[in-house]
Amino acid sequence: MPGKIYRYLAGDHKRLDALLERAMSDPENIDAAAYAQFRLGLLKHIGLEEKILLPAAQRLRGGEPLAVAAKLRLDHGALAALLVPTPTPRVITAIRAILKVHNPIEEDPGGMYEQCEELAGAEIDEILRQLQDAPDVRVVPNFDGPNVLEATRRAVAKAGYDLEV
C-alpha cells in the first residue's frame, strides 16, 4: 500500500500530467497558461526530489545514494533543459517521452518513492512536511537564445535519450 510520500508525489505527477495534457489539447496551439503552470510545477517537483527527498535518502543510508539517484538526476537535468526554450510540439513530445520512462522509476513497486518511505521510518512525517511546505521555485521566462537548443539536446542525450528537439 503506497504511503504518505508516495501519495503526495505521485499525486503531483498526476496533476502535472493533466496540466501538460491541457497545454497540448490542441497540438497546433499550445495553451500558454497551462504550460506555464506545468513548467512551474515540474521545476518545483524536481526541486522537491533533488533538495529534500534524495538527500534525505542518502543521509538515511549513511551517505550512500540510492542506486537510481544518478539516473533520476540525469533525467531531471534533461527535463529542466527542455523547460528553457519556448515550448514547441517537439519539445513537449520529448518531455512526455522522458516522463514516460522517468515516473515509473519513482512510482513502480520498489521504486524511489517506496524506497524513501522505507528508509524514512519515524522521520516520514517530517520529510512529508518539508515536501508540502517547500516554496514555489523562481521561474524565469523561456529563453531561445543562441545555442539553447544545442545545450538542450546535449542534456537529453546525456540522460540517455535519443529524441528530436
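Colleague: Why is Arg153 called partly exposed?

Modeller: In this predicted model, Arg153 has a relative accessible area of 34%. Buried means under 20% and exposed means over 50%, so Arg153, at 34%, is partly exposed.

Colleague: What makes the contact of Glu150 with Arg153 a salt bridge?

Modeller: The closest N and O atoms of Glu150 and Arg153 are 3.7 Å apart. The cut-off is within 4 Å, so the pair counts as a salt bridge. Glu150, at 39% relative accessibility, is partly exposed.

Colleague: How do you know that Glu150 and Arg153 are separated by about one helical turn?

Modeller: Glu150 and Arg153 are three residues apart in helix H7, which means a separation of about one helical turn.

Colleague: How many salt bridges does the structure hold?

Modeller: The structure holds ten salt bridges. Among them is that of Asp75 with Lys71, where the closest N and O atoms are 2.8 Å apart. These two residues lie four residues apart in helix H3 (residues 69-82), again about one helical turn.

Colleague: Why is Asp75 called buried, and what is Lys71 called?

Modeller: Asp75 has a relative accessible area of 0%, which is under 20%, so Asp75 is buried. Lys71 has a relative accessibility of 28%, which lies between 20% and 50%, so Lys71 counts as partly exposed.

Colleague: Are Lys44 and Asp136 buried or exposed?

Modeller: Lys44, at 17%, is under the 20% limit and therefore counts as buried. Asp136, at 52%, is over the 50% limit and is therefore exposed.

Colleague: Which residues are linked in a network of salt bridges?

Modeller: Glu126, Arg129 and Asp133 are linked in such a network.

Colleague: How do you know that the buried residues of H6 are on the same side of the helix?

Modeller: The buried residues of H6 are Ile124, Ile127, Leu128 and Leu131. They cover an arc of only 100 degrees around the axis, so they are on the same side of H6. What covers them includes H1, H2 and helix H5 (112-120).

Colleague: What puts the buried residues of H5 on the same side of that helix?

Modeller: Met112, Tyr113, Cys116, Glu117 and Ala120 are the buried residues of H5. Their arc around the axis is only 135 degrees, which puts them on the same side of H5. What covers these residues includes H1, H2, H3, H4 and H6. Just after H5, Gly121 takes a positive phi of about 50 degrees.

Colleague: How do you know where empty space is left?

Modeller: A probe the size of a water molecule is rolled over the atoms, and this shows where empty space is left. A search of the whole structure finds one cavity of 30 Å³ or more. The largest cavity has a volume of about 70 Å³.

Colleague: Which residues lie nearest the centre of the largest cavity?

Modeller: The cavity is lined by 13 residues, and His13, Leu42, His45, Leu99 and Asn103 lie nearest its centre. Helix H1 (4-23), H2, H3 and helix H4 (89-107) each give two or more residues to the lining. By class, the lining has five nonpolar, five polar and three charged residues.

Definitions and conventions:
Residues numbered from 1 in each chain as written. Predicted model: local features only at pLDDT ≥ 70, side-chain atom pairs only at ≥ 80, totals over all residues. Heavy atoms only, no water. Salt bridge = Lys/Arg side-chain N within 4 Å of Asp/Glu carboxyl O. Buried < 20%, exposed > 50% of the residue type's maximum accessible area, 1.4 Å probe, protein only. 1 Å grid on protein atoms, 1.4 Å probe; cavity = no way out; pocket = protein on both sides within 12 Å on 5 of 7 lines; lining within 4 Å. Points joined across faces, edges and corners; volume = space filled by probe spheres on them. Nonpolar A, V, L, I, M, F, W, Y, C, P; charged D, E, K, R; others polar. Arc of directions from axis to C-beta. Contact = heavy atoms within 4.5 Å.
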